Amino acid sequence: MVEAALRSGAASRRCVFEVFARRLPEGRRYGVVAGTGRLLEAIEAFRFGEAELEALRGVVDEATLSFLAGYRFEGDIWGYAEGEAFFPGSPVLVVESDFAHGVVLETLVLSILNHDSAIASAASRMTSAAGDRPCIEMGSRRTHEEAAVAAARAAYIAGFGTTSNLEAGRRWDVPTAGTAAHAFTLLHDDERAAFKAQIETLGKGTTLLVDTYDVPKAVETAVELAGPELGAVRIDSGDLLVQAREVREQLDRLGATKTKIVVTSDLDEYAIAALAAAPVDIYGVGTSLVTGSGAPTAGMVYKLVAREDASGSLVGVEKKSKDKQSVGGRKYALRRRNARGVGEAEVIGIGEPPVDDGDDRSLLVPLMRAGEVVDREALSLEKARTRHTESRAELPAAARRLQRGEPAIPTIYDAGSR
């Protein structure tokens, strides 16, 4: 496309590209934007080096190679702030540049936003179901090594308290936590020896895995060795509801009333909700989280919605194909809220911002200007995490239901701005 546009002279036309999801995964009530910080860093660093250019020699002509050799994105980007909830049609990212510089970014943009937003959307459902009980991200062994680091970051934005992925801790300052595996217990001659070694190394506040052999016997041994100061025990098999109740009763009977119970074993948002009445303190979630709990992509697309015409004016363009239509024109978005501050609709203005009726909140914020990040402080994970909490709380109560249903609020295109 770049080569042909360079030849036709259209490559330099001013354009607007937009990222949006036509629909949410079936039955989901809302989505969560994540990956924005990673994406902006990637765009800043996006270059074609000598090795890449050499690989493209023969694929594209010399003029295109010359363009790619000097490639640096110098356009403007607006978007929903990281951690924000989104709905079908939400313009989560708006890229303004000439055609050639903007179109090259499509795969980079979508690969990051689709993955991270899918993880954050699933994580939000899980942390909502968990309530005040913390969740540990433990899915690194169930996905690609780099996806694991990104997943830990996205899950933290959506409310997970910690991750077992130490690289996410190093790279993104996500708090880290973890527990021993069954292999550590099986390594030793007996469970007592394993527990003793772990306590002596990590202290009495450690978490002991108690379901390798016999849970009641393991809990008894754990408290005998660590005393009431034992930090936590982890259960990873069986009927977690029944096991948690039995273990809690046993811990209390042994005087370990402050020892916490961590449960793992293929948890998802539904399993977490089912354990709400159990005496569980912490949930460890792996496979379901890093696979988006059945929706491994957010379904976002990257479409040209406006371009410069022969007169130099920006005109809307839209796709008309069956089942995949798009809405042309540069978009603006606000969340319409009632007097109590509860979201009622996602209002999308076309060509100009929709009118704020006094209770609304504008959603698009400047992210890059002339290829430079506008506000690096605004990209912090802690701010994204707080933003997500506030955005989710702003949605109607139906948004937090796990049962299948329609999006929590409708998307409305403002006819007056089109």
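## Basis of the model

Residues are numbered from 1 along each chain as its sequence is written, and side-chain values use heavy atoms, with hydrogens and water left out. In this predicted model, local features need pLDDT of at least 70 and side-chain atom pairs count only at pLDDT 80 or more, while totals for chains, interfaces and linings use all residues.

## Overall chain

The protein chain has 15 helices and 19 strands; these are DSSP runs numbered from the N terminus, helices being H or I with at least four residues and strands E with at least two. Its C-alpha trace spans about 80 × 55 × 40 Å along the principal axes. Of the 418 residues, 50% are buried (buried means under 20% relative accessible area, exposed over 50%, partly exposed in between, with a 1.4 Å probe and protein chains only). The chain exposes about 18,900 Å², and carbon and sulfur atoms supply 51% of that area (Shrake-Rupley method, 1.4 Å probe). Among contacts between residues at least 6 apart in sequence, 73% join residues at least 24 apart; a contact means heavy atoms within 4.5 Å.

UniProt, in an unreviewed entry, places the feature "domain: Nicotinate phosphoribosyltransferase N-terminal" at residues 1-114. Such annotations may be inferred rather than shown by experiment. The span is 40% helix and 20% strand, and its end C-alpha atoms lie 23 Å apart.

## Cavities

A search of the whole structure finds 2 cavities of 30 Å³ or more. On a 1 Å grid over the protein atoms alone, a cavity is a set of points where a 1.4 Å probe fits but cannot get out, a pocket is an open set with protein on both sides within 12 Å along at least five of seven lines, and lining residues have an atom within 4 Å of a point. A volume is the space filled by probe spheres set on the points, which are joined across faces, edges and corners.

The largest cavity has a volume of about 60 Å³. Its lining includes Tyr-30, Phe-86, Ser-117, Ala-118 and Ser-121, and helix α6 (residues 106-130) gives the largest share, 3 residues. By class this lining has 7 nonpolar, 4 polar and 1 charged residues (Ala, Val, Leu, Ile, Met, Phe, Trp, Tyr, Cys and Pro count as nonpolar, Asp, Glu, Lys and Arg as charged, the others, Gly among them, as polar). The second largest cavity, of about 30 Å³, is lined by Tyr-30, Arg-125, Ser-128, Ala-129, Ala-399, Arg-400 and Leu-402. Its lining has 4 nonpolar, 1 polar and 2 charged residues.

## Largest pocket

About 420 Å³ of space lies in the largest pocket. Of its 21 lining residues, Met-138, Arg-141, Arg-142, Arg-234 and Asp-236 are the closest to its centre. The lining has 5 nonpolar, 11 polar and 5 charged residues.

## Single residues

Ala-130 is found in helix α6 and counts as buried because its relative accessibility is 7%. Leaving out residues up to four places away in sequence, Ala-130 touches Cys-135, Ile-272 and Tyr-283.

Most residues other than glycine have a negative phi. Ser-293 has a positive phi of about 50°; Ser-293 is found in the loop between α14 (287-290) and β12 (300-308) and is buried, with a relative accessible area of 18%. Ala-370 has a positive phi near 55°. Ala-370 is found in the loop between β17 (364-369) and β18 (372-373), and at 44% relative accessibility counts as partly exposed.
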